[in-house]
Structure formats: structure tokens, C-alpha cells
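Here are my notes from a read through this one. Have the viewer open while you go down the list.

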Amino acid sequence: MRSLGIWDAEPHARLDRLVELARFVFETPMAAISVIDEDQLLFMARAGVDIVTMQRADTFCAYAIQQATPFIVLDTAADRRFVTNPLVLEPPHIRFYAGAPIITREGAAIGTLCIFADRPRSHFGAEDLRVLLQIARMATDQIDSLVRNS
């Protein structure tokens with residue numbers, strides 16, 4: 001991320017609007033666009049959460065970028081991978097997470113568009129997945145634009 005010139009990029013209004021759109025569409029209190037390097041996660045845009053950076057090991061996004069499809073956790077307290085995660089046990093008390101990878105033109109997964117809530121969900125359907133992927137593609141386009149213009 002640092003070599004692409006986006007790690008220290010200033011907040012970008014278009015990314016902020018995409019985060020707000022995701023939050024509105026999915027009726028979640030929190031949403032973010034992240035980028036991830038070997039050790040850290042940076043929220044390039046966020047709504048409903050005060051965290052700006054964190055250690056990669058503690059993130060849900062680290063799981064989401066390992067696959068080409070969205071990563072969904074309907075109830076983090078019921079998932080053994082996350083029951084002791086600080087983001088579940090402490091504020092913001094994440095109980096639901098859905099993240100779609102942001103994949104560069106070169107095929108590198110560099111971050112996520114994610115939505116999360118302090119309450120579990122009972123389902124996240126095919127239409128939800130489709131919309132989440134579309135917003136993630138818009139985020140990818142905006143990040144690609146930032147890289148080209150840096």
C-alpha cells in the first residue's frame with residue numbers, strides 16, 4: 001500500500017460517500033473502506049467507527065482479502081475464530097461483519113469494503129452479496145483513480 005502511494009492518502013470524499021451508501025443500503029451502524037499491508041489495516045473511509053488504524057492480526061478484513069468472494073460472519077460470538085477478538089469483546093463490539101475484497105487491476109487484494117454491526121444477523125442473501133460486490137467495485141475504481149493520480 002505504501003508503494004502505491006495510498007497508505008497516507010488524504011480522506012477522499014467519494015470513498016466517504018460509498019461508505020455512507022453501504023451503511024444506508026444495509027442498515028448497519030458502521031461501514032468502512034480499508035487497505036491492508038503486512039502488519040496494519042488503515043480505514044481510508046469510515047462511518048460509525050472511530051478506529052483509523054489497527055494491527056492486521058485483529059481484523060476481520062484480513063480474512064476477507066484471502067478470498068475472491070465476500071466474507072460474511074453473521075454472528076461473531078458464535079464463530080470460534082472471533083469469540084476472543086478485541087473488536088468483538090470491546091468497542092465497537094462487532095457481532096456482524098460482511099466484507100468484499102478490493103482487488104486491483106493486477107489482481108492483488110489490497111483491502112475491503114466492509115459493513116458491520118453490534119448485533120448479529122440471521123441472513124445475508126444473494127442480492128445483498130451482489131450489492132456489496134458492486135459497491136466494492138466502485139471503491140476499487142476510486143482507489144485505482146487515486147493511484148493513477150498520485
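The points below go from the overall fold to the cores and then the surface.

1. Keep in mind that this is a predicted model. The chain has four helices and six strands, and from the N terminus on they come in the order α-β-β-β-α-β-α-β-β-α.

2. On overall size: a compact globule of 150 residues would have a radius of gyration near 15 Å, and the chain, at 14 Å, agrees with that. Along the principal axes, the C-alpha atoms fill a box of roughly 40 × 30 × 25 Å. Of the 150 residues, 47% count as buried. If you take contacts between residues at least 6 apart in sequence, 58% of them join residues at least 24 apart.

3. The largest nonpolar core has 27 residues, and I33, I115 and L132 have the most contacts inside it. Elements giving two or more residues to this core are α1, β1, β2, β5, β6 and α4. Helix α4 gives the most, with six residues.

4. I115 deserves a click. Leaving out residues up to four places away in sequence, I115 touches A22, F26, T28, M30, A31, F96, Y97, A98, F124 and L132.

5. There is also a second, separate core of 20 residues, with M30, V73, V88 and I94 among them.

6. Now the outside. L21, F24, V25 and M138 form a nonpolar surface patch with about 370 Å² of accessible area together. Helix α1 (residues 13-26) gives the most to this patch, with three residues. V25, found in helix α1, counts as partly exposed because its relative accessibility is 38%.

7. For the whole chain, the accessible surface comes to about 7800 Å², and 49% of that belongs to carbon and sulfur atoms.

Methods. Residues are numbered from 1 along each chain as its sequence is written. This is a predicted model: local features need pLDDT of at least 70, side-chain atom pairs count only at pLDDT 80 or more; totals for chains, interfaces and linings use all residues. Side-chain values use heavy atoms; hydrogens and water are left out. Patches are made of residues with over 30% relative accessible area and no salt bridge: like charges are joined within 9 Å, nonpolar side chains (Val, Leu, Ile, Met, Phe, Trp, Tyr) within 5 Å. Accessible areas come from the Shrake-Rupley method with a 1.4 Å probe; for residues, only the protein chains shown count as cover. A salt bridge is a side-chain nitrogen of Lys or Arg within 4 Å of a carboxyl oxygen of Asp or Glu. Buried means under 20% relative accessible area, exposed over 50%, partly exposed in between (1.4 Å probe, protein chains only). A nonpolar core is a set of buried Ala, Val, Leu, Ile, Met, Phe, Trp, Tyr and Cys residues joined through side-chain atoms within 4.5 Å. Contact means heavy atoms within 4.5 Å. The radius of gyration is taken over C-alpha atoms; the globule rule is 2.2 Å times the number of residues to the power 0.38.
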